[in-house]
Amino acid sequence: MLDIKMTATTAPKAKPADENKLGFGKIFTDHMFLMDYTAGEGWHDPRIVPYAPFPMDPATVVFHYAQEIFECLKAYRTADNKIQLFRPDCNAQRMQDSADRLCIPQIPAEDFIQAVKALVEVDKDWVPRIDGASLYIRPFVFASDVGLGVHASKHYTFCIICSPSGAYYAEGIDPVRIYVEDEYIRAAPGLTGFTKCGGNYAASIKAGELAEEQGFAQVLWLDGVEKKYVEEVGSMNIMFKIDGKIYTAPCTGTVLPGVTRRSCIELLRDWGYEVVEDKIAITDIMKAGHEGRLEEVFGTGTAAVVSPVKELDWKGDKVFISEGKIGPVTQKLYDTMTGMQWGKLPDTKGWIVPVCQG
Ligand code: COI
């Protein structure tokens, strides 16, 4: 159990005037959580302090060698004004897995969850009230040693910040166009694809920008060895409904094990769908698309929730899905996930973790 020291802000910021215009990750709450790690001492000094910039030495390891990991989850306000989280234990576990790969000291799951809850409770007035908006929570850990040697640091900082946010895509729940990337890769066996580390995203930005210039929301990554099998999209996992079955890439080291991904798979199986977690070739997906068997395509992610895809473009070949509309399974998943998260549907899976009264 952490003994969290609290320093409240003396200059609270104005809350957003219009929650319909929050955007994603643009504004931040009044406080942040901090905890330090020192080799030999472990994690220490957990504290909530006013949100503020970090004074950092230019030679801090994270600036040079990107030894950094992060997580993302959300706090939701229910109609009866309760504040709640969705499966924070999964984020705590994934952060430990990321930490292990990046040689960063792990944070005990109960401490991670306690820190998230404590910060959300302090800044509970920032949890949006309108439908579809939530408090996006960004925990992250970075190497804070000063020096240019390439080694594991002896000092780290764990920080949590929160941002009242709306939909990740400008399109909201409207279907998006996805570019299948055939030049750059995101991950390869033995690398960091399964972790949530900043470096994975840094390496993905160029392809994302090029795709955006052509009007695509994001890129779909193929495997890094043969560029043959589909893996994931920029900020979400991806699923394909073909001939009534759902296909998605397996989490065998190169794909991010998404919390929304695993939750959707559980729901789909509960509803009687066959979900195949196996390699699936882009050629098979395009073929199914041309033959009218590609019934639905959707992404899953904390930020994006469940996001329908209306078009895939691969090497100049295009397939259009569900006539540009959201398909029935995508809609049911979206409604069920958001229904549980915002407390409109009963939590039949035990996924909701209450934080406090709003
Ligand atoms: C998520 O939803 O899982 C994310 O981390 C999205 C973020 C990279 C924008």
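## Basis

In this predicted model, local features need pLDDT of at least 70, side-chain atom pairs count only at pLDDT 80 or more, and totals for chains, interfaces and linings use all residues. Residues are numbered from 1 along each chain as its sequence is written, and side-chain values use heavy atoms, with hydrogens and water left out.

## Ligand site

Which residues are around the ligand? They are F24, F70, C72, Y136, R138, Y168, K196, Y201, S235, G301, T302 and A303.

An N or O atom in the K196 side chain is 2.8 Å from a ligand oxygen. Backbone polar atoms also take part: that of T302 is 3.1 Å from a ligand oxygen, and that of A303 is 2.7 Å from a ligand oxygen. On its own the ligand has 280 Å² of accessible area, and the protein covers 90% of it. Accessible areas come from the Shrake-Rupley method with a 1.4 Å probe; for residues, only the protein chains shown count as cover.

## Nonpolar cores

A nonpolar core is a set of buried Ala, Val, Leu, Ile, Met, Phe, Trp, Tyr and Cys residues joined through side-chain atoms within 4.5 Å. Buried means under 20% relative accessible area, exposed over 50%, and partly exposed in between (1.4 Å probe, protein chains only). The largest core has 37 residues. F33, F112, I137, V141 and F158 have the most contacts inside it. Helix α3 (residues 109-122) gives the largest share of this core, six residues. Helices (H or I, at least four residues) and strands (E, at least two) are DSSP runs, numbered from the N terminus. Another core, of 25 residues, lies apart from it and includes V176, V230, V233 and A288.

What does F112 touch beyond its neighbours within four places in sequence? Its contacts (heavy atoms within 4.5 Å) are E71, L73, P88, N91, A92, M95, I107, P139 and F158.

R261 lies in helix α6 (residues 259-270). Its relative accessibility is 4%, so R261 counts as buried. The R261 side chain reaches the backbone oxygen of A249 at 2.9 Å. M239 is 22 residues from R261 in sequence, yet the C-alpha atoms are 8.7 Å apart. Beyond four places in sequence, the contacts of R261 include N237, M239, T248, P250, C251, E277 and T300.

S165 is in strand β8 (residues 155-165). Relative accessibility is 2%, so S165 counts as buried. A polar atom of the S165 side chain lies 3.0 Å from the backbone oxygen of S163. Outside four places in sequence, S165 contacts L22, G23, F24, G25, P128, A133, S134 and Y136.

## Positive phi

Most residues other than glycine have a negative phi. D45, in strand β3 (residues 42-50), has a positive phi near 55 degrees. D45 is partly exposed, at 46% relative accessible area.

D243 sits in the loop between β12 (236-242) and β13 (245-248). Phi of D243 is also positive, near 50 degrees. At 47% relative accessibility, D243 is partly exposed.

Note on methods
Polar contact = N/O pair within 3.5 Å; in protein donor to acceptor, adjacent residues only side chain to side chain. Near = heavy atom within 4 Å.
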